[in-house]
Amino acid sequence: MGVSILFLLLSCVLITLPLATAQDCPYLASFPTNSTYGQNRNRILSSLASNAIANGGFYTTNFTQGSDTIYALALCRGDLTNRSCYDCVNSASQYIITGCPNKTEAFDFGDSSKCIVQCNDRSFSGTVATSPARIVWVQSDITANVNEYVKAFDSLFDDLKNNVTSGSNSVGKFATGEKSYVGDNIIRGLMQCVPDLSSADCSACISSSTDAYLRDFYGKSGVNIITRSCIFAYEASSTIPAGAAPPPPSHPPPPATFPPPASTNENKSRKTQTTILIVVPVLSISLLLTALACALFRRRKRDDFFPLRKRDDVNSSQTDILPFKGDGNTGLPIFDVVTIAEATSNFSLSNKIGEGGFGPVFKGQLSTGQLIAVKRNSEKSNQGLREFKNEVILIVKLQHRNLVRLLGCCIEGEERMLIYEYMPNGSLNSFIFDSRSNSLTWSRRFDIIVGIARGLLYLHRDSRLRIVHRDLKASNVLLDNEMNPKIADFGLARAFRGDQQLEKTVTVVGTYGYMSPEYVMDGLFSMKSDVYSFGVLVLEIVSGKRNREFYHHDHGLTLLGHVWKLWIEGKALELLNKQIDDFPIPEALKCIQVGLLCVQQHPEDRPTMSSVLLALDSESATLPQPKEPGFYTQRSSNETKPPLSGNQITASNEMTLTVLSGR
């Protein structure tokens, strides 16, 4: 049986046996109740568990507000699964929040005694702390083959110490090993230090903690010692007859300081009985209360975020069902952060498939085999709680073959993630602007244009809500395995009332190059704003050129200006990507004309999406002549953006922006 499997078995044994508990908030320094410092501390602690598993089992952070700085750390024992790591860090964090409510310095080792969580108002990076400690031990003693056991133990201890002080990985300085002695008897061990300790400090922590705490437990068939800076655990498979005393270590440690040494075997026996009689019931009750508190806390957090219509609708399976107020029986699966971390290999860079205004996007695979795309909210994101909630509430109500399907979401601590169906061909962006554009035939491009039009018409007219997307662009159109387009990213979308035609905002959000003139300059948006974005997208698909990055050696026009120039000169077909072969001339001209009609300067001149789709589907549709487009005028050679009526803003083409515009 492998080392990792056996350590899982050892962990199960140790968790259920007596616990000698350290005082976890013994320090005097405190902060006032309901202070900003306390609120920030609890916010950081609430997100430690998800951050720990997302960062391979080790996570440190600090937060400064005014003159106050909070430092926090979480480290899981290297043999833990994501689930066990999350549960341990979460239980430790919740204990600190509830058990040390006003202490600036506190720590805990979790219900399983296999993780380190601490917070302080002073930095503790690179410092060694070996006291207090927590020790978990197995009651049975080693007696068979004692001398051989001692040799194996000492040899294993030395090997582990050499290995743990010479290496560093994502879960800190960590080493495991085993030694055989006499037949099938085996002793297995584990050592670990907080990764920001130097090798010398790691060695000192291991030596100090084992010297101080191991003497009374040396010879037990299993021991786990955990301090704020290091961990040592071992398990042996051989036990001896009752009453025989284990030999002293080959290098006897100094007198123990915690727990106090027993003077006789009788006292030791009484101490063991007292520990069992007192600690086990107290621990059991504490664990039960903690579990109930955590369940209530998580449920309350979800209730605060999305009001539950019926409490009975919530279950405790891997994916809870989250009903929305006023939405009948419609619900959305809620995934826990451990499930998503395991699906994405702890959000590894190799699984990262994109980056948007909301944050990075990762490819993942659930235990069922289903492929997913996970949008994980970034701390640096300019989209926050409002956009996250907006996207969930809107898209859960939308069902159309040309809209991406939301499978669920994750809300735990500071983590906010959206789980979508995986689109194997990525975004349209990579097909029309990058090297793969050569593989996009005219018929495929035309089908994509029509598919986007159908999805947009559904949003504007046929869905239960009338939706204005506000950020339609090439990177927000995804392609499935059959190259069917699906509109994505509804974080900036707005729902209109049945009779509403126009809305005004002082916060302009979207992507330059795709935003309509009336929206950029006056904050006015409507379905005609989406029509403008669609027109830009059509002309980009036909030409294979970006609107905002378009360059022509004869003039400084935008792509829209270039198309307009070709149109009035009767040279519109010169716009087509040179890689496109065998295109029907009437169909190509129709797409260019539809694109120009959609990007006209004044919104009242632009067609509705129903008119657009009718024109695209009909071979005999008669279209009006387009008028001048918006944002097409010539610019100087060093200018990279169209005039914006005094608003001076610089951004890349694919960045989703939020702009406060004065009126």
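**View 1. Packing of helix α13 against helix α15 in the predicted model.** Helix α13, spanning residues 527-543, packs with helix α15, spanning residues 585-598, at an angle of about 150°, and their axes lie 7 Å apart. The crossing of these two helices is left-handed. On the α13 side the contact is made by Val531, Tyr532, Phe534, Gly535, Val538, Leu539 and Val542, which meet Cys591, Ile592, Val594, Gly595, Leu596 and Cys598 of α15. Of the residues in this contact, 11 are nonpolar and 2 are polar, while no charged residue takes part.

**View 2. The largest nonpolar core and the surroundings of Phe534.** This core contains 93 residues, among which Leu428, Ile452, Phe534, Leu537, Val542, Ile592 and Leu616 touch the most other members. Helix α11, covering residues 442-462, gives the most to this core, with 11 residues. When residues up to four places away in sequence are not counted, Phe534 touches Ile449, Ile452, Ala453, Leu456, Leu472, Val594, Cys598, Met609 and Val612.

**View 3. Asp471 in the loop between β18 and β19.** Asp471 belongs to the loop that lies between strand β18 (466-468) and strand β19 (477-479). Asp471 counts as buried because its relative accessibility is 3%, which falls under the 20% cut-off. The side chain of Asp471 makes a polar contact with the side chain of Thr511, at 2.9 Å. Asp471 and Ser529, although 58 residues apart in sequence, are 9.5 Å apart in space from C-alpha to C-alpha.

Key:
Residues numbered from 1 in each chain as written. Predicted model: local features only at pLDDT ≥ 70, side-chain atom pairs only at ≥ 80, totals over all residues. Heavy atoms only, no water. Axes fitted to C-alpha atoms, helices over the stretch in contact; angles between N-to-C directions. Helix = DSSP H or I, 4+ residues; strand = E, 2+ residues; numbered from the N terminus. Left-handed = near helix turned anticlockwise from the far one by under 90°. Contact = heavy atoms within 4.5 Å. Nonpolar A, V, L, I, M, F, W, Y, C, P; charged D, E, K, R; others polar. Buried < 20%, exposed > 50% of the residue type's maximum accessible area, 1.4 Å probe, protein only. Polar contact = N/O pair within 3.5 Å; in protein donor to acceptor, adjacent residues only side chain to side chain. Core = buried A, V, L, I, M, F, W, Y, C linked by side-chain atoms within 4.5 Å.
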